[in-house]
Each structure stands twice: as C-alpha cells, then as structure tokens.
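Good morning. Please put the chain up on the screen, and I will take you through it in a few minutes.

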Amino acid sequence: MNTKSSDNVRFFGNAKYRRVSYNLIVLDWYLKEWLAATDTSQAKLCRLTDYPKAKISDLVTGKQRYNRDILNDIANALNIKPPELLMHPSEAFAQRRIKKL
C-alpha cells in the first residue's frame with residue numbers, strides 16, 4: 001500500500017453507502033408482454049441472447065434498465081423491430097395491420 005494513500009477513497013460522498021433507487025412501478029417498455037405475445041419464456045430468451053438468467057429476470061421485472069444494445073438484442077431474438085418493444089404488442093400488431101393496407 002502506498003504510504004501517501006488513505007484507506008477511505010471518496011467519490012461524490014462515500015460510494016460505499018450511496019444507493020440508487022429506481023421506480024419499479026413505471027416500466028417504459030413491454031418486455032413481459034412481448035414474451036407472452038411471442039410465447040417465449042425467460043429461459044428461451046436467455047438462450048437466444050446469451051444473457052445470464054439473472055439479467056433477463058432483472059430486465060423483465062424492471063430492476064435493470066435497458067439500453068440500446070439490450071433493446072436491439074432482445075428485439076432480434078423475438079423477431080420484432082426494436083421500437084415495438086416500447087409499445088404494447090396489441091398496439092404494434094394494430095400498426096402492422098394498418099401498414100399492410
């Protein structure tokens with residue numbers, strides 16, 4: 001250990017005690033609904049994306065937030081367009097029907 005260093009490093013306060021909380025009630029994507037609509041289990045999604053099952057579970061429950069890469073990977077695995085994950089499946093299916101006209 002460097003004699004000039006201290007044993008407590010401070011990052012914006014003490015990061016050891018810093019907690020980040022997300023509102024788990026408000027989910028702004030519809031992963032759970034899309035899994036049901038595509039008859040895909042969390043286990044199957046794990047196999048299709050090569051994500052660990054804990055990550056998939058956290059994404060479904062909202063404990064982990066998604067980013068663009070995750071959105072693209074999951075949309076590809078479910079054979080849907082990435083923006084469709086941001087809308088309820090019934091809305092996406094309705095838009096598909098309208099585009100076919």
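This is a predicted model: local features need pLDDT of at least 70, side-chain atom pairs count only at pLDDT 80 or more; totals for chains, interfaces and linings use all residues.

Let me start with the core. In soluble globular proteins, nonpolar side chains tend to be buried together. Here the largest nonpolar core has 20 residues. Those with the most contacts inside it are W29, L31, L45, I74, L78 and L85. Helix 1 (31-37), helix 2 (42-49), helix 3 (53-61) and helix 4 (68-78) each contribute at least two residues to this core. Helix 4 gives the most, with six residues.

Take L85 as an example. Leaving out residues up to four places away in sequence, L85 touches W29, Y30, L31, W34, L71, I74, A75, L78 and I80.

Now helix 3. Which residues of helix 3 are buried? They are I56, L59 and V60. These three cover an arc of only 100° around the axis, so they sit on the same side of helix 3. An α-helix has 3.6 residues a turn, so residues three or four places apart point the same way. The buried residues of helix 3 pack against helix 1, helix 2 and helix 4. After helix 3 comes G62, with a positive phi near 90°.

Last, the charged pair. The structure holds one salt bridge. R96 forms it with E84, and the closest N and O atoms are 2.8 Å apart. R96 is in helix 5 (residues 89-100), while E84 is in the loop between helix 4 and helix 5, twelve residues apart.

Are these two residues buried or partly exposed? R96 counts as partly exposed because its relative accessibility is 32%. E84 has a relative accessible area of 8%, so E84 is buried.

Notes
Residues are numbered from 1 along each chain as its sequence is written. Side-chain values use heavy atoms; hydrogens and water are left out. A nonpolar core is a set of buried Ala, Val, Leu, Ile, Met, Phe, Trp, Tyr and Cys residues joined through side-chain atoms within 4.5 Å. Buried means under 20% relative accessible area, exposed over 50%, partly exposed in between (1.4 Å probe, protein chains only). Helices (H or I, at least four residues) and strands (E, at least two) are DSSP runs, numbered from the N terminus. Contact means heavy atoms within 4.5 Å. The arc is that of the directions from the helix axis to the C-beta atoms. A salt bridge is a side-chain nitrogen of Lys or Arg within 4 Å of a carboxyl oxygen of Asp or Glu.
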